[in-house]
Amino acid sequence: AQSVTQLDSQVPVFEEAPVELRCNYSSSVSVYLFWYVQYPNQGLQLLLKYLSGSTLVKGINGFEAEFNKSQTSFHLRKPSVHISDTAEYFCAVRIIQGAQKLVFGQGTRLTINP
Amino acid sequence: EAGVAQSPRYKIIEKRQSVAFWCNPISGHATLYWYQQILGQGPKLLIQFQNNGVVDDSQLPKDRFSAERLKGVDSTLKIQPAKLEDSAVYLCASSLGLKDEQFFGPGTRLTVL
């Protein structure tokens, strides 16, 4: 079975400060890794994804994430956050077989304070 | 390009009533998904269609939930009868195929009283 754990349910940071949102996963089969963002009253939007190749992936809005196979982690980072980054962030894995099912973590609420 | 459309956006019903949600995927997308997102949790896949066939419905509570995708385009998700624990946001997503990026609709927020 696959599972995704987001270690922080809420992360408050000040504007222009750096931020890291942590994600660990567990899977008995190969997976792809994703981060999604959900703004209030909206659906999910893909931030970035890791399929293969370089373990450091860059996404939209200045976010990046690093895949660490030995630690089974895929942490999301941004060097300087803006008020507009306030949202819920979800880490997810996609099972690379069969129905290619997406399994999500519980989410991390990022709050940016001025 | 138009995104995934869902209606209604909000619905309030009493327990034991029935309710239906509608989803119109992005044109040309063969794969359609319904997710349930309970407050404070990540989305959970309920059912996945490839054209009008079911690929995965292992987490769909089949005693009360049903879904169909007639003609391989629009889809409806029905709950009958609703329970208090069904209060959640129901997200529809679509993708070109099984291995492609999923695009999400805005969701339907269901409150069961």
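The largest pocket comes to about 570 Å³. A pocket here is an open set of points, on a 1 Å grid over the protein atoms alone, with protein on both sides within 12 Å along at least five of seven lines, and lining residues have an atom within 4 Å of a point. The volume is the space filled by probe spheres set on the points, with grid points joined across faces, edges and corners. The model is a predicted one, so to speak of local features takes a pLDDT of at least 70 and side-chain atom pairs count only at pLDDT 80 or more, while totals for chains, interfaces and linings use all residues. Residues are numbered from 1 along each chain as its sequence is written, chains are lettered from A and ligands numbered from 1 in the order in which they are written, and side-chain values use heavy atoms, with hydrogens and water left out.

Back to the pocket: 28 residues line it, and those nearest its centre are Gln38(A), Arg109(A), Gln37(B), Leu39(B) and Arg109(B). The elements giving two or more residues to this lining are β10 (87-95) of chain A, plus β9 (88-95) and β11 (108-112) of chain B. Strands, here and below, are DSSP runs of E with at least two residues, numbered from the N terminus. With four residues, β11(B) supplies the largest share of the pocket lining. Sorted by class, the lining of the largest pocket has ten nonpolar, 14 polar and four charged residues. For this sorting, Ala, Val, Leu, Ile, Met, Phe, Trp, Tyr, Cys and Pro are nonpolar, Asp, Glu, Lys and Arg are charged, and the others, Gly among them, are polar.

A cavity is a set of grid points where a 1.4 Å probe fits but cannot get out, and the count is one cavity of 30 Å³ or more. The largest cavity holds about 40 Å³ of space.

Next come the disulfides, meaning pairs of cysteine sulfur atoms within 2.5 Å. Over all chains there are two. In chain A, Cys23(A) is joined to Cys91(A), S to S 2.0 Å. This pair links distant parts of the chain, 68 residues apart, with Cys23(A) in β4 (residues 23-26) and Cys91(A) in β10 of chain A. The torsion about its S-S bond is about -65 degrees, so the disulfide of Cys23(A) and Cys91(A) is left-handed. Cys23(A) is buried at 0% relative accessible area, and Cys91(A) also counts as buried, at 0%. Buried means under 20% relative accessible area, exposed over 50% and partly exposed in between, using a 1.4 Å probe and protein chains only.

In chain B, the disulfide is formed by Cys23(B) and Cys92(B), with sulfur atoms 1.9 Å apart. Cys23(B) sits in β3 and Cys92(B) in β9 of chain B, so the bond ties together parts 69 residues apart in sequence. Here the S-S torsion is about -70 degrees, so the disulfide of Cys23(B) and Cys92(B) is left-handed. Cys23(B) is buried, with a relative accessible area of 0%, and Cys92(B) is buried too, with 0%.

Strand β3(B) also takes part in a sheet. Four strands of chain B make up this open, antiparallel sheet, in the order β1-β3-β8-β7. Two strands count as paired if DSSP finds at least two bridges between them. At the edges are β1 (5-7) and β7 (65-68) of chain B, each pairing on one side only. From one strand to the next, the twist averages 15 degrees, with axes being lines fitted to C-alpha atoms and angles running from 0 to 180 degrees between N-to-C directions.

On one side, β3(B) (residues 19-24) pairs with β1(B) over three bridges in the antiparallel sense. Across this pairing, Gln6(B) is opposite Cys23(B), and Ala5(B) has Asn24(B) as its bridge partner. The antiparallel pairing of β3(B) with β8(B) (residues 75-79) runs over five bridges, and there Phe21(B) is opposite Leu77(B). As for the faces of β3(B), Val19(B), Phe21(B) and Cys23(B) are on the covered one, whereas Ala20(B), Trp22(B) and Asn24(B) are on the uncovered one.
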